[in-house]
Amino acid sequence: MQFKLEKRPRPSQAMLYLTPVAAVVLTMLIGGAIFSLIGYDGMGAVREIFLTPLTNSYKWQDLGIKAAPLIIIGVGLAVAYRANVWNIGAEGQYVMGGVFATGVALTTYGVTGWWVLPLMAIAGIAGGAAYAAIPAVLRTRLGVNEILTSLMLTYASVQLIYYLVRAPWKDPMGMGFPQTRIFSEAARLPTIIPGTIVHLGVPIAIVVALLVWFVMTRSLFGFQIRVVGAAPHAARYGGFSENRTIWLAFLVSGGLAGLAGMLEVAGPFQRLVPGFPTGYGFTAIIVAFLGRLDPLGVIFAAIVLAITFVGGELAQTTIGLPAAAAGIFQAMMLFFLLAGDILVRYRVKRVVHQSAEARA
Amino acid sequence: MMKFNRRNVLVLGGAAAALPLVGGRALAQDGPLKVGFMYIGTINDNGWNYAHNQGRIYLEEQLGDAVETTYVENVPEGPDSERVLRELAQSGHKLIFATSFGYGDYVLKVAQQFPDVKFEHATGYQRSDNVATYNARFYEGRAVCGTIAGHMSKTGKGGYIGSFPIPEVVMGINAFALAARKVNPDFTMTPVYISTWNDPAREADAARAMVDQGIDIIAQHTDGPAALQVAEERGIVGGFGQGADMSAFAPNAQLTSIIDNWGPHYVEAAQAVIDGTWTSGDRWPGLKEGEVQIGAYNEKIPEDVVAAAEAVKNGQIDGSLHIFTGPINDHTGAERVAAGETMTDEQLLTMDWYVEGVIPPA
């Protein structure tokens, strides 16, 4: 007996939006069961990872600052993926955003003025967009696959950080540790809620998501992106240039990743260190898909991922779950989401072998 | 499952062992002291983090019911560490060990918010009223390894896989080179920095590149046994365990190992917090105190070389030998330490130059 997947003529709209929820619920149930079976407190793990970060108000600030960069990068990636442009290198563009912003912060060191942060933001966006332009050129001019180029450029960007913090930008007072000096006051993001660590980047992330949602649903640009992605032939026939769309997708996703890098380096880090790339650019890929490539969905998906990060650490301190557990839960979520997607778009059909039956 | 069982058994065993001691202590009203540990890698790295975790287990064994420990693994040196530190402090941990250099800024920041919690930062240099630093004189162990390298290397070329060029690492490279060149004046050291404490793939890549350049002894200041595994695979003279005995990964290549023994310090610090006598400060013990230990010597090392290594070890224990005693020239040949002079601890902790024989990385 064999099975094959058959495309559904019309996937259910309701199911498209239910699968992410189902993926999270399934992850909680099956993850809890697996951890119980191998001898941990499985239900406790689910509670600590998924619920405690929400119920403990101390943790909300952590969720906010962890989700903010994921939202900004995830929204940009959602735009690119809608256009069928597979930018996998958001991590590198995030790094370049942080590097360019650091450049501004170090040149204006000791200067006071409200314009320092906006200038850093512009530099960050420019840095991320410029770095994303490299795979865009290679794709539009030479037809090079952007998945490989954008991914590989990530590693190059990390080497650039190592070089900068070891030699030209090294903190003169840092005991030789490769890091820049701490930015001066004007180049650090202010905290918006006194007594917490919630910085300006959190509301900016929400505003960015709303703006992109508006542009994608209400403007010609958004329409063009969606058409080129969904029906390239129709788009060409309709006069939309494919190359132009590729460029736009890369510049938007790269620029937003760069903005996230700027907010991160000016907010939580306040200096450039070798540990600056922490994988936000890669996690944002899960976020974009979990959010259904919809800017508003991305907000929720980013919060879910932030919950698993913060909860994963909680579970270590409270019930002694190993660090890898949070990663396993995140991976299960993506797995169930992708599996659910298949079942929404295709149905499983039993294949009956004609010849075998004829012989019988 | 394994971890829980092992821990439970240890807690029970430790509790039983400590029973006779508990009577003397007045902590019934407070409950056990909660002690938190923050590690940069996993406790299974068989090196740095493994050694710190052994120290944590030793603390539980020694103080039994008087302490309750928690650890968080894989915490990157950045804002994530700040969140974990705050989480530990908020959940009632009164003594927190942050065991990697890059946690420094965040320890100070969180310590300010929790003045009644004591923090101890391994290998750091920034202190405050409730932040102490502690370290071990690894360079003394490096001098023993360097002596063996000077005798055993056939090509006279050693390699050193480092994380970051901070004084801690630079002084290890220098101690190794000084000791090796006392045996073989032509010995050279090539350091390579890989910008992380734990990345087995990068450590192995660096080790392979070294072997290709004719280096036949590799030491490392990173957390795991990857470089030793390459040494084993390529059949070069060998390397050294760092943090813990790594002979299981490289039975032929591991010449000896530097073993970090943090347990006694953890017991001492926890006891001081329980007794209310804890004060901030810097502790830097070494071979003499047993915080740095030299593991078993590989059977392939000739007896006279073992004797030479033991002499260097014992000289540092009885104080007759300090590896940073002049004359010492830097890598350009200029004299840095005059004959008969010994570098002070302060000079060592800010060391940013290489001794003669080290080929500085570009």
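This is a predicted model: local features need pLDDT of at least 70, side-chain atom pairs count only at pLDDT 80 or more; totals for chains, interfaces and linings use all residues.
User: Is A:Leu293 buried or exposed?

Analyst: A residue is buried with 20 or more other C-beta atoms (placed from the backbone) within 10 Å of its own, exposed with 12 or fewer, and partly exposed in between. A:Leu293 has 20 such atoms within 10 Å, so the label is buried.

User: Where is A:Asn84 found, and is it buried or partly exposed?

Analyst: A:Asn84 also has a positive phi, of about 60 degrees, without being a glycine. Its place is the loop between helix 3 and helix 4 (90-107) of chain A. Because 15 other C-beta atoms lie within 10 Å, A:Asn84 is partly exposed.

User: At what angle do helix 3 and helix 11 of chain A pack, and what is that orientation called?

Analyst: Helix 3 (residues 60-82) and helix 11 (residues 280-290) of chain A have axes 8 Å apart and pack at about 60 degrees. Axes are lines fitted to C-alpha atoms, for helices over the stretch in contact, and angles run from 0 to 180 degrees between N-to-C directions. Under 35 degrees is roughly parallel, over 145 roughly antiparallel, 65 to 115 roughly perpendicular, and the rest oblique. Helix 3 and helix 11 of chain A are therefore oblique.

User: Which residues of helix 11 of chain A make the contact with helix 3?

Analyst: Two residues are in contact if their C-beta atoms, placed from the backbone, lie within 7 Å. Helix 3 of chain A contributes A:Pro69, A:Leu70, A:Ile73, A:Gly74, A:Leu77, A:Ala78 and A:Tyr81. Helix 11 of chain A contributes A:Tyr280, A:Gly281, A:Thr283, A:Ala284, A:Ile285, A:Val287 and A:Ala288.

User: Which element of chain B gives the most to the side that touches chain A?

Analyst: The contact takes 22 residues from chain A and 30 residues from chain B. Elements of chain B giving two or more residues are helix 1 (2-22), strand 2 (67-72), helix 3 (79-90) and helix 6 (167-183). The most, seven residues, comes from helix 3 of chain B.

User: Which bond joins B:Gly326 and B:Pro327, and what is its omega?

Analyst: B:Pro327 lies in the loop between helix 10 (303-318) and strand 13 (328-329) of chain B. Most peptide bonds are trans. The one joining B:Gly326 and B:Pro327 is cis, with omega of about 5 degrees.

User: How many helices and strands does chain B have, and what share of its residues is buried?

Analyst: The secondary structure of chain B comes to 11 helices and 14 strands. Its C-alpha trace spans about 65 × 40 × 40 Å along the principal axes. Of the 362 residues of chain B, the buried share is 53%.

Methods: Residues are numbered from 1 along each chain as its sequence is written. Chains are lettered from A and ligands numbered from 1 in the order in which they are written. Helices (H or I, at least four residues) and strands (E, at least two) are DSSP runs, numbered from the N terminus.
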